[in-house]
Amino acid sequence: MRVGLFITCLTDTYYPRVGAAVVAVLRHLGCEVRFPTEQTCCGQPAFNNGLLDEARPLVANLAGVFRDDEYVVSPSASCAAMIGEHGPELFSAGSEPRRLIDDLASRMFDFTSFLCNVLKADPAPWIDGLKLDNAAFHYSCHSRPFVSPETAVERIDRLLGGRVTPLERFDQCCGFGGMFAMEYPQISGAMVEDKVQCIEASGAKTIICDEAGCRMNIEGALHRKGMDVRVVHTAEVIAEALGLSLPEGT
Amino acid sequence: MTQSSAFKQRIAEAIADDRLHRAVLSATVERDDLRRAEWARLTDVQGLRELARRIKDHTLDNLDRYLDQLITSFERLGIHVHFASTAEEARAATIDIAREHDCLHIVKSKSMLTEEIHLNEALEQAGLEVIETDLGEYLLQLDDDRPSHITCPAVHKDVAACAQTFTEKLGTPYTEDPPTLVKIARKALRDAFREADMAITGANFAVAESGTIVLIMNEGNGRFCVHHPRVHVAMMGIEKIVPTLNDLSVMLKLLARSATAQRMNIDTHLITGPKRDDDPDGPEHMHVIIVDAGRSAILAGRYREVLRCIRCGACLNACPVYRTVGGHAYGGTYPGPIGKLIAGLLSNYDHGVELPAASSLCGACLDACPVKIDIPRMLLNMRADAIGRSWENRAKSRLLRRAMWAMRSPLRYEWGQRLIRTLMRMKAGRDGWLRRGFGPGRDWTAAQRDMKAPARRSFRDLWKKGEIR
Ligand code: SF4
């Protein structure tokens, strides 16, 4: 299977280790992975703030960049959904860019959905290697277009051998929301505070969270409080179990 | 003060109020959990939601026809029909009805529409006595307070606050025992009912084919309102119509479950006309005031689906922002996700233009909405409407435009990435974290969280160097 990797700005800049893990796991499962460096942003920051004209060329760029890949996989469901859910409506029906973006939308997945829905991966090879004590799961809101909260829990259960429990209010937003976190820091801050309280109450030492934005938010609040809790992407956990991950802090 | 800084101030006040936060969080989480459990008990909740959506959409698409039918049905039953295109007309019509029938003492059952048009103040100014009879609303009226939730108006008050109000305003001995508090209210309200000559209610639904007004509640107050007083005035928005009693049954099934996780409310009144000759009780005169107040403008535009709302409050309970700030912070009649939409839409953006940005677009509201209003999508559209309308928005849009311009070229993207990395890593501590951000990052770190500095090398750097295997 030929897969194009859509890295997304935040993962590219802040969490290269997640990108490396995605590549390693996909290759381990027999995918041929390509990373076209002409990719930039999906335009979500503009789109989410009503600036459709600014989002349009960015979506169109990605449609061109990934034109020939069988599948396009992103560590982030949020950016994948920007293309899949919102991308098409930015272009008038019947136009050439619309055709391209419709086509891309049908091939676009976040890593975990790709693993479960397309590859239908058997977790047996990594189950024994999982280093997961006291792990809890946070559901990222923007994965909604791909997976409901309930199914996400079942999925994580299957992929990670039932070693992860959902946090209390696991599907309540952590308060990230892109520009929202900076525009309404008080609300956003109070929301992540609630998330951290749920983490504290769970006693978990590892939080599984697939979105880079949510992760920055939750990690930021944990760091300010001096709490020693690790936040990781599903791909990192699997890559670690397979002995394929880059060193921590890369 | 700009609307948006006034909003921020209300948010700050709400967040500083720990008692409020605790009361709202626990009540909303509990209600949301109960609703989900009750929904799960239905054989096909998704099918039912879809059916409800279609009923509402069909009605809205043919609203002129169903309004005609409804009015004909009302008139056939001897119900007097009034049409108010503005809030002011609705208030005036109510006062006129009271005068026409020589009414002085009014009892009210809970109605968001009457809150929206500020009816009580107008009635009082016209020399009429008006008493709210829903327990929560009664309490708020005693306190000169406003509802902060659509279906649970006093959710922002804990028991101690209620107890205090009763002692202060009614002079009864202090107690925090809910049954005793209810008894106190019941006694006061019974007197009000005995004296009342006019009742004002809202209407949860109005059935076009039969002219039936449907009132849903959980306290006995509704029954007293519609049985004893001589005159009954029901006030309804134009969007409250359902075509048939069959359609109504679908709505009822969803409303009770979504609002309060009940299969049916304790009281579901189907009122079809005033007292008939052989009826033992009921009002001699019945009036319905059909209110537009900005709704037909919504109907005509791209936000039509917000008129599907059946005011169940489920989106409020599910919303993490509502859970955090409560209802008063929104500054209007309708709080929560649906409030963020209709505040601006009903007022043609006279107010509420800043509300749609105060959302993480998490989508919990859409999951909770029984009639599947795509609230996140509507919020996005309204954000587009808000562009350039305030200096805060102009600053944000300018910043985003610049960033998106940079993103249009891979080269600029990479240089931008390098610049940000260098700057942030310079300001970061040895552990790679910033305690105080700069630029827009200042707001990030102001909210009790640190900011991560970019990784030493980006993914693309690693890829280009062949270090990704
Ligand atoms: S928008 Fe939907 S969930 Fe919210 S109050 Fe209206 S009907 Fe209920």
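Biologist: What should I know about the numbering and the model before starting?

Modeller: Residues are numbered from 1 along each chain as its sequence is written, while chains are lettered from A and ligands numbered from 1 in the order in which they are written. The model is predicted, so local features need pLDDT of at least 70 and side-chain atom pairs count only at pLDDT 80 or more, whereas totals for chains, interfaces and linings use all residues; side-chain values use heavy atoms, with hydrogens and water left out.

Biologist: How is the size of an interface given?

Modeller: It is often given as the accessible area lost when the parts come together. Here buried area is the accessible area (1.4 Å probe) that two parts lose on being put together, summed over both. Chain A and chain B bury about 6,000 Å² between them, and 63% of that lies on carbon and sulfur atoms. Tyr14(A), Tyr184(A) and Arg224(A) supply 12% of the area that chain A buries against chain B, more than any other three residues.

Biologist: How many residues of each chain are in contact?

Modeller: Contact means heavy atoms within 4.5 Å. By that rule, 69 residues of chain A are in contact with 67 residues of chain B.

Biologist: How many salt bridges cross the interface?

Modeller: A salt bridge is a side-chain nitrogen of Lys or Arg within 4 Å of a carboxyl oxygen of Asp or Glu. The rule finds nine between chain A and chain B. One pairs Arg36(B) with Asp171(A), whose closest N and O atoms are 2.9 Å apart. Helices are DSSP runs (H or I, at least four residues), numbered from the N terminus. Helix H11 (residues 185–202) of chain A gives the most to the side of chain A that touches chain B, with nine residues.

Biologist: Is Thr28(B) buried or exposed?

Modeller: Buried means under 20% relative accessible area, exposed over 50%, and partly exposed in between (1.4 Å probe, protein chains only). Thr28(B) has 1% relative accessibility, so it counts as buried. Thr28(B) lies in helix H2 (residues 18–41) of chain B. Leaving aside neighbours within four places in sequence, Thr28(B) is in contact with Leu316(B), Asn317(B), Tyr322(B) and Arg323(B).

Biologist: What does the side chain of Thr28(B) reach?

Modeller: A polar contact is a pair of N or O atoms within 3.5 Å; within protein, one must be able to donate a hydrogen and the other to accept it, and residues adjacent in sequence count only if both atoms are side-chain atoms. The side chain of Thr28(B) reaches the backbone oxygen of Val24(B) at 2.6 Å. Likewise, the side chain of Ser347(B) reaches the backbone oxygen of Ala343(B) at 2.9 Å. Ser347(B) sits in the loop between helix H16 (336–346) and helix H17 (364–368) of chain B, and counts as buried because its relative accessibility is 15%.

Biologist: How many residues of helix H18 of chain B are buried?

Modeller: Nine of the eleven residues in helix H18 (residues 375–385) of chain B are buried, including Ile375(B), Met378(B) and Arg383(B). The buried residues pack against helix H3 (44–47) and helix H5 (77–86) of chain A, together with helix H14 (314–318), H16 and H17 of chain B.

Biologist: Which residues does Pro149(A) touch?

Modeller: Not counting residues up to four places away in sequence, Pro149(A) touches Tyr139(A), Arg144(A), Phe170(A), Asp171(A) and Asp367(B). Pro149(A) is in helix H9 (residues 149–159) of chain A and is buried, with a relative accessible area of 4%.

Terms used
Helix = DSSP H or I, 4+ residues; strand = E, 2+ residues; numbered from the N terminus.
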